[in-house]
Structures are given as structure tokens and as C-alpha cells.
Amino acid sequence: MLPDHPTRRRAITILASAVAVAIAGPASPARADFEWRGTAMGADARILFSDIEPGCARGIATLVEAEIDRLENALSLFQSGSELCRLNRDGALAEPGGDLRRALALALQVADLTNGLFDPTVQALWEAHVDWFADKTHTGLPPQTVIADARRAVDWRGVRLEPDSIHLGDNQRLTLNGLGQGYVTDRVAELLAAKGFTNILVDLGEMRAIAPRRDGSPWLIARRDADPLHLAEGALATSEGSGCVLGADGAAHHLFDPRSGRSAAHWRTITVHHRSAAVADALSTALSIASADEIQALLPRLSGTAIWATDPAGRHSYWAAGPRDGIVG
């Protein structure tokens, strides 16, 4: 079963009404909507506050930014000194921090849950494709020999998460991009909730609503290729191959099927709702690789999850495992 906690995609955007940064003058309302903007894990980030004093909302910016920086120091592939980068460089890491341990434990749990559709060791496939397309003399997809060589390093079962260390298998490298933004979203949401903030939507690449807007209305979440969703609480995450394409003609994308080493082709987009943004993020990554029959077979393991999918022809599918808590309308 999926955990309730710990708990990049730009396919879903906010349709927020009347975001006011600061309203000056004696007729200004005492409370107003406020939007904080920044970056997290390489993506645009924002937090929407409903019916709050702008000065109070601005005051939490330093707190949020410090938390994001702290988490990136553990989980980011873009910071050479992060714990994850050091683990990939050395093949082992002693005394890993709690956030890396929790994020990796979730990654391994989802890998087991999805029979390896989610696999944090696919970094080798990403590197093989990037290296191939970096050579401008190459045309088309990497040949099977290149893929087969990279796939030898892809197997989540080679990762050992020990009480005081992490060890990788031969030539393995990890990526937590499949759930990292969701994990950071959860941690920031929980930090704000612990500080007493409510009626907030946290969008750090994935989205989590702490509660509806102050007037009780849900947050309206637009989707590129389907009707909007109304989110009262919980999290939404979307995966789509077009979010990161490789090669001059977009011949490949970043959602690799660990079984074949090639970019998945079943779905244009997958959106998942779960109470945890990290879980929703990981599942949207995993299910983007699954066929409709495979998703159906996994449903008994996905309690508390709702799934919306659009195939390359624009046809829509929907699955639910348990109640749609937090989704209204």
C-alpha cells in the first residue's frame, strides 16, 4: 500500500482569480490573495495564499526559500555538491541525511509497487541519450547496442539503503527527478501548515492544496488537453513526454521505460491525485510507462489514487482506486 506521507511539469497551470501582490491606499482591503514566486528543483515555483495579509505572506518567503535550498542540497542533480551527486560520483554515501533517505526509500517502495515501472536508476539511460544526441553527426535514436550497455546499470534492486549508508550497484547512478519536486512540495506544504498557514496551494512543479480557498471554493486547476479539475486538498502531479524532449527533432523524451530503455509511448499525459505530492509525482512517472491494462492491474495497490490519462490520439481514460478525497467537481 502507498504511504500517506512523505508527503516538472508544466502541463497543469493555475487558473487563479485576482492575485494581488500588494494593494496600497486607504481603501485597500485588510486581506487579499497573494502569490509568492521563486524556483525549486530547476522549475518555476509559486505558492498561492487565499485571503491573507500580503505582508504576512511576504514574510514567509525567506523561510520557504531556505527550506527549498536545504532540500536541493540533498536531492538535486544540478548541484555538484548535493548528497545525491556525491552518491552518484562515489557509488556510496555514509550518513545520508534524512530527506535523501526518505525520498530514496519512497522511490524504492514505488519501484517495488509498480514492478519496476518506476526505477530511480534510469539515470544511465538519460546520460546515454544525452551523450548520443550531443554528437551532431548522429541521426535518429541511439542504436540498441548503446541502449543495452546503459540498461546494464538499470535495476532498482541493486540499490542498498542501509541504516547508516547508501550503496549503488556497479556503474549505477540515481535520479530522484521522478518524485523530487513532489517531495519538496510536500515538505514546504507541511512546513507552512505547521506554521499555522491554511487555504494555500503550493505549486513547486507539482501541486498540493493544504485546504480550499478561504471562502470554501476549490482551487481550479487547468489541464492542457482536458477539462479543469477542482482541487480542495491533496496533490496533483502530471507527467508528459513533451515536457523534456531529446534530439533536434524530439526523437526521444525523458520518460524512459526501464524494460526497453526507450521513451514510453502509451500516453501523451498522465495526471495523478493523491494526498501526497511525492507519491502522486512518482506514480505519474511510473504510470506514464504503463499500458492501460497494466494500470488496471495495478489499481488494487494504489489505494486513494485517481488517474487521468490522455493517449497520443487525444482519447481520455480515467481510473480510481478508492474515494476521490480532495477532488470536487
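View 1. Two strands pair if DSSP finds at least two bridges between them. In this predicted model, three strands make up an open sheet, lined up in the order 4-6-5 with antiparallel pairing. Strand 4 (92-94) and strand 5 (160-162) sit at the edges with a single partner strand each, so one side of each is left without a neighbour in the sheet. On average, and with direction ignored, neighbouring strands here are turned by 5 degrees against each other. Take a look at where strand 5 meets strand 6 (residues 165-167): the two run antiparallel and are joined by three bridges. Arg-160, for instance, has His-167 in strand 6 as its bridge partner.

**View 2. Helices packed on that sheet.** Helix 4 touches strand 4, strand 5 and strand 6, and its direction makes about 135 degrees with that of strand 5. Helix 3 (residues 83-90) lies across strand 4 and strand 6, and runs at about 130 degrees to strand 4. Zoom in on helix 3 and you'll find Asn-88. Asn-88 counts as buried, at 14% relative accessibility. Its contacts, leaving aside neighbours within four places in sequence, are Leu-77, Leu-168, Arg-173 and Leu-174.

**View 3. The largest nonpolar core, with Trp-36 and Phe-49.** This core takes in 68 residues, and Trp-36 and Phe-49 are the ones with the most contacts inside it. Helix 4 (residues 98-113) turns up again here, giving the most to the core with nine residues. Another core lies apart from it, made of 13 residues, including Leu-125, Ile-147, Leu-246 and Phe-256. Back at Trp-36, skip the neighbours within four places in sequence and the contacts are Ala-45, Arg-46, Ile-47, Phe-49, Ala-61, Val-64, Glu-65, Ile-68 and Leu-204. Phe-49 also belongs to a cluster, linked by ring pairs to Phe-34 and Phe-197.

**View 4. A tilted aromatic pair, Trp-308 with Tyr-318.** Ring pairs count here if their centres lie within 6.5 Å, and by this rule there are four aromatic pairs. Trp-308 and Tyr-318 form a tilted one, 5.4 Å centre to centre with 50 degrees between the planes. Trp-308 belongs to strand 15 (residues 305-310) and Tyr-318 to strand 16 (residues 316-321), so the pair ties together parts that are ten residues apart in sequence.

**View 5. A hairpin between strand 9 and strand 10.** Two residues carry the chain through the hairpin that joins strand 9 to strand 10. Strand 9 (residues 219-223) and strand 10 (residues 226-231) run antiparallel, with four bridges joining them. If you want a spot to start from, pick Ile-221, which stands opposite Leu-229 in strand 10.

**View 6. Stepping back to the whole chain.** Nine helices and 17 strands make up the count for the chain. The chain has 329 residues, and 54% of them count as buried. Its accessible surface comes to about 14,000 Å², with 51% of that belonging to carbon and sulfur atoms.

Technical notes
Residues numbered from 1 in each chain as written. Predicted model: local features only at pLDDT ≥ 70, side-chain atom pairs only at ≥ 80, totals over all residues. Heavy atoms only, no water. Phe/Tyr/Trp six-rings, centres within 6.5 Å; stacked < 30°, edge-to-face > 60°. Core = buried A, V, L, I, M, F, W, Y, C linked by side-chain atoms within 4.5 Å. Buried < 20%, exposed > 50% of the residue type's maximum accessible area, 1.4 Å probe, protein only. Contact = heavy atoms within 4.5 Å. Axes fitted to C-alpha atoms, helices over the stretch in contact; angles between N-to-C directions. Areas by Shrake-Rupley, 256 points an atom, 1.4 Å probe, with all protein chains shown as cover.
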